[in-house]
Amino acid sequence: MAFQQPPPRLGNQYEDDRVLQSYLQRALPAEVLAEVEDELHALGALAGGPLYEAQLADRRNEPTLTQWDAWGERIDRVEVTPLWEEAARLAARHGLVAAAYEQKYGVHSRLHQFALVYLFTPSTDLYSCPLAMTDGAARTLLASGNGALILDALPHLTTRQPDHFWTSGQWMTELPGGSDVSHTETVARQDADGTWRLYGRKWFTSAVTAQMALTLARPEVPEGEEDAPEGNAGLALFFVRLRDDAGRLQGIRVHRLKDKLGTRKVPTAELTLDGTPAVPVQGLTDGVRRITPMLNVTRAWNAVTAVALMRRGLALARDYAARRTAFGAPLAQKPLHADTLAGLQATFEGAFHLAFRVAELLGESEADGFDEDAAPPPLLRVLTPLAKLTTARQAVTVASEVLEAFGGAGYVEDTGLPALLRDAQVLPIWEGTTNVLALDVLRALKKAGGLELLKEEVRRCAEAVTEPSLAEAVQRATQALDDAAAWLTGAVLSGPVPVEAGARRFALTLGLAMELALLAHHAQWALDHEQDARPAAAARRLAAEGFPPLDRPPPADAVARATETPPDERSTDVFVPGDGPIAEIRPNPDWGDGAV
Ligand code: UCC
């Protein structure tokens, strides 16, 4: 018989995942793990079995938009694919949002929740997107202290009953800006009866099948009253119910679903709001600040999704390597292939521990209640954007390598593999790009008074490490933070432009350093309690991969060289070279004294 190439197979996604199991053994009290483990086994079986099969069978299905019914009435009905319908029911039943709010396991509630999310996500084609926003909306409403909205929406957002479960959208992006929302054009106008209505265009709305959304709009000020503040401060956060009791959209027209590179199951829509009734969540100003609880929660989800996708790719690649032979042996026995997978595994393990450290801190911050207006604790505030930006970039790299590990099969759609790369590519874009988050890290560090809290976290990890072969890993993490601190001091002295220009390299250095320290810390525990040397091997490998260079030639010099401008004609402005016209970096006035 002719050679038949074996497809990759998945087993129980909990039982096959030593990284998750080992971490939960360490991070959860034994009685909590004993209580939640049956569900983890069950979800692992589902994710590696029937749900994975359903995902492959659903591959070509996409959401549809029907704008008109047969009789000419505008209906704008969006239907999702069978996989997503099932995912919605499963998500409610397994409490993927509810687990965080039931607080059954106190400080460990977020770990319980995110372990479930991590298992569920890779087999449901980014259904974690609406769930993340739903979780973020619940958190934002609780932070707002708006009793009426909390009473109305929270029971739906946090229920385990599929028929009552609501998801929420998060509508921020408009045509003038996705990262900089200060130019939001949607206005809010108040009727004589006091009802607020929204008028404007929302350019990316994920996902339009939700029952509610949180959105930004600029309230109009009645003539004769004092002008509203400009920019972000003049925006208000509004709550919108998408449909009336008869199921009709309320003043919302859906123009089209976006034709995106990936996240093809997510019905991301362009909308016009034309008199949509809305309720101010918390006053008529400071909408951006009011929505930040949502951003911080969805960024934590993003990090967990990034590690979940990395883990799925590696599970498939490892299985395939065990059975696919080439040049006389299974790929897994080929030193070069094994080495490639080992590098990816190390990246994944570092990312895993950073993402779940954020989950731990989030859980700790919520255990005493979801206080109105409570700012996130400083370490959580800094680690959230760091984890989001670092793991998202790593997910793209790992997904790309995973496809390559399959050779041509990784490039063929009906293996289901290309979707991994396309879906991973959204992670550094939505919920704040790498660069926007790098600037957010600077903002958060400035508020926290500098790098000391990260150094303290690395020290905590380093103190736990006694194994000599792990010493270099923690030493490198410590050194990377020192290098980052020295770079920052130098950059701050040079002015705001170098700080902003280097913010991405700086943030990625910090993110990798935290990953390395957290992984080394866990590796010591695994050696002591499980006699498992694999996390230690991963830590050494991650340490050996090194850090991105912090110092680059000042952009002005680089451009001068690129354009061969004679030194005496060089501009004192700072430029970066590009393919097209030279782009100018505009210093951000917020970095004024740059005293991070
Ligand atoms: O992409 C989108 C939907 C995708 C679907 C959801 C997927 C979930 C997936 C997860 C799992 C798969 S919706 C669009 C997402 N867009 C963004 O994320 C926006 C990116 N832009 C930013 O992050 C910016 O940093 C802004 C818009 C948050 C802030 O911009 P500015 O202009 O710098 O804002 P301000 O005026 O400086 O900030 C307003 C206030 C300030 O506080 P006050 O007023 O006290 O000075 C900031 O310190 O907000 C505070 N602030 C924060 N506070 C800003 N960011 C944060 C933060 N992260 N946490 C706490």
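Select helix α1, residues 18-27, where V19, L20, S22, Y23, L24 and A27 are buried (under 20% relative accessible area with a 1.4 Å probe and protein chains only; over 50% is exposed, and values in between are partly exposed). Helices (H or I, at least four residues) and strands (E, at least two) are DSSP runs, numbered from the N terminus. The model is predicted: local features need pLDDT of at least 70 and side-chain atom pairs count only at pLDDT 80 or more, while totals for chains, interfaces and linings use all residues. Residues are numbered from 1 along each chain as its sequence is written, and side-chain values use heavy atoms, with hydrogens and water left out.

At the start of α1, display D17: one of its side-chain oxygens reaches to within 3.1 Å of the backbone nitrogen of V19. A polar contact is a pair of N or O atoms within 3.5 Å; within protein, one must be able to donate a hydrogen and the other to accept it, and residues adjacent in sequence count only if both atoms are side-chain atoms.

Axes are lines fitted to C-alpha atoms, for helices over the stretch in contact, and angles run from 0 to 180 degrees between N-to-C directions; under 35 degrees counts as roughly parallel, over 145 as roughly antiparallel, 65 to 115 as roughly perpendicular and the rest as oblique. On the α1 side, select S22, Y23, Q25 and R26, which meet H521, H522, W525, A526 and E530 of α17; contact means heavy atoms within 4.5 Å.

Now bring in helix α11 (residues 378-405). The axes of α11 and α17 come within 9 Å and cross at roughly 90°, so these two helices are also roughly perpendicular to each other. Among the residues making this contact are L383, L386 and L389 of α11 and L508, L510 and L512 of α17.

Centre the view on Y118: leaving aside neighbours within four places in sequence, Y118 is in contact with D17, L20, V304, V307, A308, R311, F348, F352 and F356.

D532 is in the loop between α17 and α18 (534-545), and at 12% relative accessibility D532 counts as buried. A polar atom of the D532 side chain lies 2.9 Å from the backbone nitrogen of R534. Not counting residues up to four places away in sequence, D532 touches R18, A526 and L527.

D125, in the loop between α6 and α7 (128-144), has a positive phi near 50°. T263, in the loop between β8 (252-257) and β9 (269-280), has a positive phi of about 45° although T263 is not a glycine. D125 counts as buried at 13% relative accessibility, and T263 counts as buried at 4%.
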